[in-house]
Every structure is written in C-alpha cells, then in structure tokens.
Amino acid sequence: MTDPGSGASLTAILTRIMKMWGPGMVRTLWKTRGLQAGMIRARRRRQRLLLDEGILVPVGIGISPTMNCNLSCEGCYSKNHPREDEAAIETFDSFIASAVGMGVFLFVVTGGEPFLLPRLIDIYRKNRGVFFLAVTNGTLIDEDTAARLGSLGNVFPVVSIEGSQAETDARRGEGVYRKVLDCMQRLKKAGVPFGFSSVVTKSNISTLGSSEFIRDMITRGCKAGFFNDYIPLHAGEMCELPDNEESGLFRKRIAALKRDEPIVLIHLPHDEYDRDGRCLAVDRGAFHVNSQGYVEPCPFAHYARENIRDHSFRDILSSPFLEAIRSHPTALQKGAIGCSLVNNYTILQEIAGKTGAKPTEESG
C-alpha cells in the first residue's frame, strides 16, 4: 500500500491533487467542491471526537479487500498473506461507513488487485464525499470501468509502473508495460484523475529520478506520482536496495522535480517521517486492514489483534496493540530500512506478544 501522508501534510497533498484535476469543466469543479466539503466535514468530526472523547481518528487508512492478484510481481509486500477466507465485501462496506461517520476522509485501497472486485465501485459511489486512492496494476481497467470511474469523481487510481518497458516487464511480467500505458490512455479519455506508483530499487532508480520519465507520465495524464522505497520482507527476493549514495541522490532529484514539474510527487516512506525521524502515519492513527479483516499497524507490519468482522471501528481506535506502538519511544523511529516497523521488527514482536497480537501472514 502507498499511504500518502497524514494530518496536515495529507490535507495539503489531497488539495494539490484536486486542484490539478483540470480547470474549465463544470463537472470537474463540482466534483472538487464536493470533496472539499467532505474534507471539511470529516475534519470537524475528528476534531469533535478528539475534544469531547479524547479519541484519535486518523485522516486516512489503508484497506486491502483482496490479496488475490492476476500478476505475481517480484518483491510484493503481500506475497505471504493468505488468499483464502477473505472478509465479505459487505463487511468492508459496513466498516467504511463507520469510519466515514467518525471522520476518516481517505481510504487507500490496495491489495492484491482491487479491480478484481467490481463491487468496490458501488462502495465508492455510496461514499461520494470521501476520497478513495485505488492502487492498481492497471491491467483490469477496461473502457467500461474507466467510464464508471469517470462518473464518480472521488476515486483516484494509482497505476503501478516501474520505469521503462524493460524495467516494468522484468518485475511485473512480459507485456504489462503496454497494458499500463493503455490503461492510462483509457483513464485520460474518460476524464478520470489518476497517478502512477513505482517501487524504487537499485535497478530502476536512475530512470525513476529522471526528468524524461516524469515528463512522460505528465504527458500521459498523471496528476500525481508515488515513489515507494523497496522494503525487503521475504528471503530470496531478487529486488535489490539502492546504496546510501544512490538513495541520497534520488531524494535530491525528487526534491528538484517537485519544485520544477507540474505534478504532485510523494516519496514514501521518506515523506512520512517528521524531522525527528518518527513515522507520522502510524503515530497519527493510520492503520491497514488486510483481506481477512485483520487490523495491522501498516501493510508491512504483519501483526494484528483486532478484526473488522467482530470489532467496531470505535473499538479498533482504542486497540491496546496500536496504542502500544504509538506510545513506544523507538518503535516508529526511522532506521536503515525504510519502514520503521520493519526496521524495528524485534520491538514489534515484543509489543505484539504483550498485547495479544498474532501474525497475519503465512510462513514461507
């Protein structure tokens, strides 16, 4: 999952994205104003609950309604998540409604491949005042799906691409690059605002940090781009981390591109940390719900205590497991590996043991 920030930073990012949807269209302006009103309404709900009851409600959360996927990409973080006994779509529908009622404005929908579940579009339609950022491989978005997304105005597909054709097909499968470009063309034609997402590895870091790649994405219609540092989770993966010098140069390149190019660019998890190196997303209440309904601190931290099948959204907000992570002095501290909870895995295990949280992925 790509979680594009939390708190004030998230609000600023979403506002910038909405402003870039395209001027001059009455329908586009109406959609933007509807989301802006929803953002204000959600903020008031969160503020009221914090003031009146001391309940911290996150701006955004991640959900993975399915971990099934029609691709098998090298280094995918969900590789060892179970594919059976997934929570019913009605369970996610009810959970989202409860979260919206308490002030959540952003849902990062990932997986797995969310467009394997066509009924998600009905959920997007029922919640027009909130923002759904759907991370997709793009291969299942046909013209009809693009048209349905275009009629909504509150869904922002983020299409995965790894740089060039050779780099994308090497990680995602032969022919996927062409399908991704076709998907972008359909979304652009249907008037759907969308962006791209790329996993930064040693093999593609030069391409992703180039002006040529960013300008190509802009030309194809992307309004935002998410760069996700590769997080190694499983033994035997072929993806390789960039070295410190390469990572430092890449951060400088992205800073320059943010300044110079007409596109919103987010570098994760780098942009998630405050000046003291603490993960803001988890610290401010964000979490991830996997396809079985288990509530994980983030997509890379595969432990959970609660499940949306038998815990209310209000219950989850007071989870002893999540509270213990937020209150720990170093669990959310940035380290050599991009994700703090992966870097501090021993601490995560200790907190899980003390609070009754269990592993949520299969061994392998």
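Student: To begin with a total, how many salt bridges does the count come to?

Tutor: The count comes to 17 salt bridges, where a salt bridge is a side-chain nitrogen of Lys or Arg within 4 Å of a carboxyl oxygen of Asp or Glu. The model is a predicted one, in which local features need pLDDT of at least 70, side-chain atom pairs count only at pLDDT 80 or more, and totals for chains, interfaces and linings use all residues. Residues are numbered from 1 along each chain as its sequence is written, and side-chain values use heavy atoms, leaving out hydrogens and water.

Helices (H or I, at least four residues) and strands (E, at least two) are DSSP runs, numbered from the N terminus.

The partners of β5 come next. Two strands pair if DSSP finds at least two bridges between them. Strand β4 (residues 155-160) runs parallel to β5 and is joined to it by 3 bridges, with valine 159 opposite phenylalanine 196. Strand β6 (residues 222-229) also pairs with β5 in the parallel sense, over 7 bridges; here phenylalanine 194 has cysteine 222 as its bridge partner.

These strands belong to an open sheet of 9 strands with mixed pairing, in the order β7-β6-β5-β4-β3-β2-β1-β8-β9. Its edge strands, each pairing on one side only, are β7 (264-268) and β9 (295-296). Strand β7 runs parallel to β6 and is joined to it by 5 bridges; phenylalanine 226 stands opposite isoleucine 266 in this pairing.

Helix α6 (residues 165-172) has Glu167, Thr168, Asp169, Arg171 and Arg172 as its buried residues. They pack against β5, as well as β4, α7 (176-189) and α8 (205-208), contact meaning heavy atoms within 4.5 Å. Just after α6, glycine 173 takes a positive phi of about 120°. Arginine 172 also meets glutamate 162 in a salt bridge at 2.8 Å, N to O. Glutamate 162 lies in the loop between β4 and α6 and arginine 172 in helix α6, so the pair ties together parts that are 10 residues apart in sequence. Both glutamate 162 and arginine 172 are buried.

Lysine 202 forms it with glutamate 246, and the closest N and O atoms are 3.0 Å apart. This pair links distant parts of the chain, since lysine 202 is in that loop and glutamate 246 in helix α10, 44 residues apart. Lysine 202 counts as partly exposed at 31% relative accessibility, and glutamate 246 is partly exposed with a relative accessible area of 24%.

Aromatic rings complete the picture. The whole structure holds 10 aromatic pairs; rings of Phe, Tyr and Trp (its six-membered ring) pair if their centres lie within 6.5 Å, and planes under 30 degrees apart count as stacked, over 60 as edge-to-face and the rest as tilted. One of them joins phenylalanine 95 and phenylalanine 313, whose ring centres are 5.7 Å apart and whose planes lie at 70°, so the pair is edge-to-face. Phenylalanine 95 belongs to helix α3 and phenylalanine 313 to helix α12 (residues 313-317), 218 residues apart. Phenylalanine 95 is buried, with a relative accessible area of 5%, and phenylalanine 313 is buried at 3%. Phenylalanine 227 and phenylalanine 250 form another edge-to-face pair, with centres 5.5 Å apart and planes at 85°. This pair links strand β6, which holds phenylalanine 227, to helix α10 (residues 244-260), which holds phenylalanine 250, 23 residues apart. Phenylalanine 227 is buried, with a relative accessible area of 0%, and phenylalanine 250 is buried at 4%.

Note on methods: Buried means under 20% relative accessible area, exposed over 50%, partly exposed in between (1.4 Å probe, protein chains only).
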